[in-house]
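These are my notebook entries on one chain, written as I looked things up.

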Amino acid sequence: MDLLNIIKDAGIIGAGGAGFPTHVKLTSKAEYILLNGAECEPLLRVDQLLLEQFPDQIIRGLAAAGRYIEARKAILGIKGKHKAVIALMRERIASLQLSHYMEVMELRDIYPAGDEQVLVHELTQRIVPEVSIPLKVGCVVINAETALNIANAMNGNPVTETYITIAGDIPKPMTVKVPVGVAIRDVLRQSGVENIDDYAVIDGGPMMGFLMKNVDGYVTKKNKGYVLLKKNHFLIRKKSVSLDQARVIGKTACEQCRMCTDLCPRYLLGHNMQPHRVMRALSYNLGDVKEQQIAQLCCECNACELFSCPANLHPKAVNMLYKQKLAEQGIKYQPTQLEFQPRQAREYRLIPTKRLISRIGLTAFDRPAPMTLVDFRPETIRIALRQHIGVPAVPVVAIGEQVKAGQLIGKIPDNSLGADVHASFAGTVMENTNDSILIKVGSYV
């Protein structure tokens, strides 16, 4: 079986949070394959810990993917501050006799260094065109956990676990390996917080993660972090604002200083993303959404909203509002150029991570979250059939059927975008819906 089918059958998706099926990403040839080890979201520690603990597997997974797409070079992008990890990866690359093909490049400690388009420019000096993907400039990007999952798949192991950092205003920050389908509450209990309901929880990183309405769900392959903060924290209050509230506040208070644009990572790469212009439309041109097509260039990194705006307004939310309106009318941004140059001021407008962490009130919580072994023993697990971009997987098991750990339980339809799903524990299928499969654990070994 070739590598693409191995990856497809293992249900591997982008482990950085988006969940794009990896076998689809690797169908095209590219000049470079890039490993995204930036982990630019404050407080999250997964990638660095995986690089530290599984260097050989990650290197082999990256090399295999790179050779499959016929990349002439593989580059690992890791922030320069992680000196021990960089030294380890360079030593292991040399030991595995891959120095001719693979190298580690040091990234600056800026936000959002892990944005695919920022990463491509930092590592290759190329700029991905507007509304395009890295492949357009000869690059394919995967992250550290995805490379690890590829190596595991080559040894016959599908994706049944994910690595999650639990961080924030908690007694015990940690990074844990969690079986897919475990209740989120069981994961959050590891934080040392006695009453989870006293806290607000961000699913993902503090910048791009979303505020959870409740914590009664189940872990999926693409979960990477849970940040717990008191409900009156600045970040929680900001993320609690609705799109309509953001619209009213912006229309009333935006002073058009254009700081949101001047520090926008995509604008600094030469794109036409100008949040201040979208904010201006709130006051003068709300009905004519065609004039606000530039909102579709927003990568939703939240730098404008959580760092740049001196008035604490909500440019990202307003961009999302216009994105929705444009989608409803079927309007798509049409680029007027294909080649881009970074703005001359870019080097002076990059956002230092430490300043960002201070700005969003997380300095006190910027602590190590060491890899911690937790033996999860749930009574039941619920495996979502759509843990990825694309269509849901179709159940291939019936109620009452006994399954083994690692067994295929949901398969993507033929010729569809999606990813297979597998049981993370042995047990008995108790419920089977179009959305998920409930398994009683321990009924079958």
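**Entry 1: α13 and α15.** I looked up which residues bring these two helices together: Pro-275, Val-278, Met-279, Ala-281 and Leu-282 of α13 meet Pro-315, Val-318, Asn-319 and Tyr-322 of α15, where contact means heavy atoms within 4.5 Å. Sorted by class, this contact of α13 with α15 holds 8 nonpolar residues, 1 polar residue and no charged ones; Ala, Val, Leu, Ile, Met, Phe, Trp, Tyr, Cys and Pro count as nonpolar, Asp, Glu, Lys and Arg as charged, and the others, Gly among them, as polar. I note here that the model is predicted, that local features need pLDDT of at least 70 and side-chain atom pairs count only at pLDDT 80 or more, while totals for chains, interfaces and linings use all residues. Residues are numbered from 1 along each chain as its sequence is written, and side-chain values use heavy atoms, with hydrogens and water left out.

For the geometry, I find that α13 (residues 275–284) and α15 (residues 315–328) pack at an angle of about 70°, with their axes 9 Å apart. That angle makes α13 roughly perpendicular to α15, a label used for 65 to 115 degrees, with angles under 35 degrees counting as roughly parallel, over 145 as roughly antiparallel and the rest as oblique. Axes are lines fitted to C-alpha atoms, for helices over the stretch in contact, and angles run from 0 to 180 degrees between N-to-C directions. The crossing of α13 with α15 is left-handed, that is, the near helix is turned anticlockwise from the far one by less than a right angle, and clockwise would be right-handed. Helices (H or I, at least four residues) and strands (E, at least two) are DSSP runs, numbered from the N terminus.

**Entry 2: α10 and α15.** I then checked α10 (residues 243–253), which packs with α15 at an angle of about 115°, the axes being 9 Å apart. This makes α10 roughly perpendicular to α15, and their crossing is left-handed. On the α10 side the contact is made by Leu-243, Ala-246 and Arg-247, and on the α15 side by Ala-317, Val-318, Met-320, Leu-321 and Gln-324. Its residues divide into 6 nonpolar, 1 polar and 1 charged.

**Entry 3: α4 and α5.** Here I find α4 and α5 (residues 83–95) at an angle of about 60°, with axes 10 Å apart, in a right-handed crossing. Pro-55, Asp-56 and Ile-59 of α4 make the contact with Leu-88, Met-89, Arg-92 and Ile-93 of α5, which by class gives 5 nonpolar, no polar and 2 charged residues.

**Entry 4: α6.** How many residues of α6 are buried? I find 8 of the 9 in α6 (residues 116–124), where buried means under 20% relative accessible area, exposed over 50% and partly exposed in between (1.4 Å probe, protein chains only). The buried residues include Val-118, Leu-119, His-121 and Glu-122, and the buried set packs against β1 (32–37), β2 (73–79), β3 (102–107), β5 (139–143) and α12 (265–268). Gln-125 follows α6 with a positive phi, near 65°. In the loop between β4 (110–111) and α6 lies Pro-112, and the peptide bond from Tyr-111 to Pro-112 is cis, with omega near 0°.

**Entry 5: two positive phi values.** Leu-43, in the loop between β1 and α3 (46–53), has phi near 80°, a positive value in a residue other than glycine, and is buried at a relative accessible area of 1%. Asn-312, in the loop between α14 (303–308) and α15, has phi near 60°, also positive and also not a glycine, but is partly exposed at 33%.

**Entry 6: Glu-70.** I placed Glu-70 in the loop between α4 (55–68) and β2, where this residue is exposed, with a relative accessible area of 56%. Not counting residues up to four places away in sequence, Glu-70 touches Lys-29 and Ala-30.

**Entry 7: the whole chain.** Finally, I recorded 16 helices and 18 strands for the protein chain. Buried residues make up 56% of its 445 residues, and the C-alpha trace spans about 65 × 50 × 45 Å along its principal axes.
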